[in-house]
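Please examine the sequence and the structure shown below before reading on.

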Amino acid sequence: MSRYDASTTPRVVVGVSGSLGSVTALRRATALARRLGAELWPVLAWEPPGGDPAAHHGPAADLLVDEWQRLAKQRLASVLEEIFGEDGPGVAMHAAIVRGTPGRALVAAADREDDVLVVGAGRRGLQRAFSGRVTRHCLTHAVCPVFAVPPSPLESDLVSVHRRNAWHLRMDTRDL
């Protein structure tokens, strides 16, 4: 049984971290929610630095956890404001922060069979072998359909520019 309201309103749950991939997923999820007449549920997962064991040690552990949660809430609000502005997404939205690893938090949020879970598919090429854990976890454990949104074409261009800058290589700006 769902932890959330068992209403018949469809939900599109999307993982949001602020990365370019999650922003692309958020935009696609918003368009999907509009088409389906669904509610948009952007979810930001957070964990204490060093994991849960680190959060239980020390005299001010509760204060630190409260601060980390406040920062997560602030981060999500900042991303949503940057993407949607003051007008909002144009659909009903229920933003949430969930304490836990991203994959588990997203699967827990999208816990109804009629939900749709939207995640960024990670990076392209060789870097993909070292990323995509969240997407794989969601595809494996979700009880609802999962849409893995490929990276924006802009992302590979930005990675290329960053790489050239890091190696101090010349760049032909006519191709940008």
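The coordinates come from a predicted model.

Helix α1 covers residues 20–36. Buried residues of α1 include V23, L26, A29, T30 and A33. After α1 comes G37, with a positive phi near 65 degrees.

Attention now turns to charge. Side chains of opposite charge can pair when their charged atoms come close. The structure holds five salt bridges. One of them joins R11 to D111, with the closest N and O atoms 3.3 Å apart. Because R11 belongs to strand β1 (residues 11–15) and D111 to the loop between α4 (102–109) and β4 (116–120), this pair ties together parts that are 100 residues apart in sequence. R11 is buried, at a relative accessible area of 1%, whereas D111 is partly exposed at 22%.

D115 forms a salt bridge with R112, again described by closest N and O atoms, here 3.3 Å apart. D115 is buried, with a relative accessible area of 0%, and R112 also counts as buried, at 8%. Through shared partners, salt bridges join R11, D111, R112, D114 and D115 into one network.

A further salt bridge links R70 and E67, whose closest N and O atoms are 2.6 Å apart. Both residues lie in helix α3 (residues 61–84), three residues apart, which is about one turn of the helix. An α-helix has 3.6 residues a turn, so residues three or four places apart point the same way. R70 is partly exposed at 41% relative accessibility, and E67 is partly exposed at 33%.

Which charged residue is buried yet has no salt bridge? It is E39, for which the nearest side chain of opposite charge, R11, is 5.7 Å away; a salt bridge requires a separation within 4 Å. E39 lies in strand β2 (residues 39–46), and its contacts include T9, P10, R11 and H94.

Key. Residues numbered from 1 in each chain as written. Predicted model: local features only at pLDDT ≥ 70, side-chain atom pairs only at ≥ 80, totals over all residues. Heavy atoms only, no water. Helix = DSSP H or I, 4+ residues; strand = E, 2+ residues; numbered from the N terminus. Buried < 20%, exposed > 50% of the residue type's maximum accessible area, 1.4 Å probe, protein only. Lys, Arg positive; Asp, Glu negative; His and termini not counted. Contact = heavy atoms within 4.5 Å. Expected span 1.5 Å × (residues − 1).
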